[in-house]
Amino acid sequence: MDIVNFLGPKLSKLICKDVLPCKGLIRFAIKDAGKNPTLLTYKDINEIVNKELKNRLDQVNIPELDQVMSQLKKIIIKNQSVFTMSIY
Amino acid sequence: MGIADILQITVYTVRLIIAVALATYAIKTKGTNFWWLFGLYFTSGVFGLTDFILQSGNIFALSSGFRFICMVLFIHYTFYLDRNNPTIYFFIMSVIFGIIIIIFNILFDYIYPLELYDTIASITQIIGNLIVFSWLIYSSLNAFLNVKNDETIDDWVKMRYKLVIFYSFIGIFVAIAYGTITSTEINFYTISIFIATIVYQLVQLMAWVMPKFLRKFFNRHFILSTKIDELSEEEVISKMVGGN
């Protein structure tokens, strides 16, 4: 499973922006963290979202960032098993 | 070597194959949960084969508690991080059940071969399996229902959930069957157990060591709704700042 494709549409809904730049933002956040996007664990994703993605969202002045981050975290917690089930 | 022996060797060898695959995932991802699942399959394979070679009859049972703990921690690390969970209760149950199984097996084998001791160990093992497999079914089913309609998740990943649920149901049947079997004569019951054991192994193998052609097959209808065009960093920032 591609984490960029998985989280992109969810982030897009939360911040009311196009899916494509949202996917781009996630892609760059993963790159900032120096991780391989195909081998991310739940812990890695949590760290990237809380640090690199938050920084990226902050840089583009997303309003109510704390609320967006809290919703994003809820989505990740709810879907945590997907990150295990999609490893091969 | 009879058919029962071949079946036993096959079962434990398959478990070791799955253990190797899980260790590979664990090393690749540094994921804690895969190490617990590895622990479950590895212990099961090694203790099972040792049991078969020594023909002791109780070595495999002695590892039950540890296997329950591995399963409980795998479920915890896969489904319940950062949220309210009942893991501690299942963990305590696993420890208590494991101790009961060890005590009554030792009593039966080395102290006094009272049938009651063996029955208590067998019943505890059945209940333990029933509880941990039911928790795995519940957790996997909940997670599957959550992702079922998510079009961004590959179909083969959804299939893996289904396979885990399916083999857990068979696992319950197999655990009850092995715990209550009284004869090795060939009849409808023993043939059913034989078939269930084969299916149980194949489905576990398919779930955790899913070959590429199977992943492709399960994914044959999977189409990502959005094309993955990669925007440059400037384009991403401009689209984010400038709106849609």
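Leaving aside neighbours within four places in sequence, which residues is B:Leu37 in contact with?

1. The model is predicted. B:Leu37 is in contact with B:Leu22, B:Cys70 and B:Phe74, once its neighbours within four places in sequence are set aside.

2. In soluble globular proteins, nonpolar side chains tend to be buried together.

3. Chain B has ten helices and zero strands. Its pattern along the sequence is therefore written α-α-α-α-α-α-α-α-α-α. The C-alpha atoms of chain B fill a box of roughly 80 × 35 × 30 Å along the principal axes. Of the 244 residues in chain B, 36% are buried. Among its contacts between residues at least 6 apart in sequence, 70% join residues at least 24 apart.

4. Helix H1 of chain B covers residues 3-29, 27 residues in total. From first C-alpha to last, H1(B) reaches 39 Å, close to the 39 Å expected at 1.5 Å a residue. Just after H1(B), B:Lys30 takes a positive phi of about 55°.

5. The buried residues of H1(B) are B:Tyr12, B:Val14, B:Arg15, B:Ile18, B:Ala19, B:Leu22, B:Tyr25 and B:Thr29. They pack against helix H2 (32-54) and helix H8 (188-208) of chain B. On the spacing of such positions, an α-helix has 3.6 residues a turn, so residues three or four places apart point the same way. B:Leu22, buried in H1(B), is also one of the contacts of B:Leu37.

6. Between the chains, 28 residues of chain A are in contact with 34 residues of chain B. On the side of chain A that touches chain B, two or more residues come from each of helix H1 (3-15), helix H2 (19-33), H4 and helix H5 (80-85) of chain A. H2(A) gives the most to that side, with six residues. The residues of this side of chain A divide into 16 nonpolar, nine polar and three charged.

7. A:Ser70 lies in helix H4 of chain A, residues 65-78.

Technical notes
Residues are numbered from 1 along each chain as its sequence is written. Chains are lettered from A and ligands numbered from 1 in the order in which they are written. Helices (H or I, at least four residues) and strands (E, at least two) are DSSP runs, numbered from the N terminus. Two residues are in contact if their C-beta atoms, placed from the backbone, lie within 7 Å. Ala, Val, Leu, Ile, Met, Phe, Trp, Tyr, Cys and Pro count as nonpolar, Asp, Glu, Lys and Arg as charged, and the others, Gly among them, as polar. The expected span of a helix is 1.5 Å times one less than its number of residues. A residue is buried if 20 or more other C-beta atoms lie within 10 Å of its own, exposed if 12 or fewer, and partly exposed in between; C-beta atoms are placed from the backbone.
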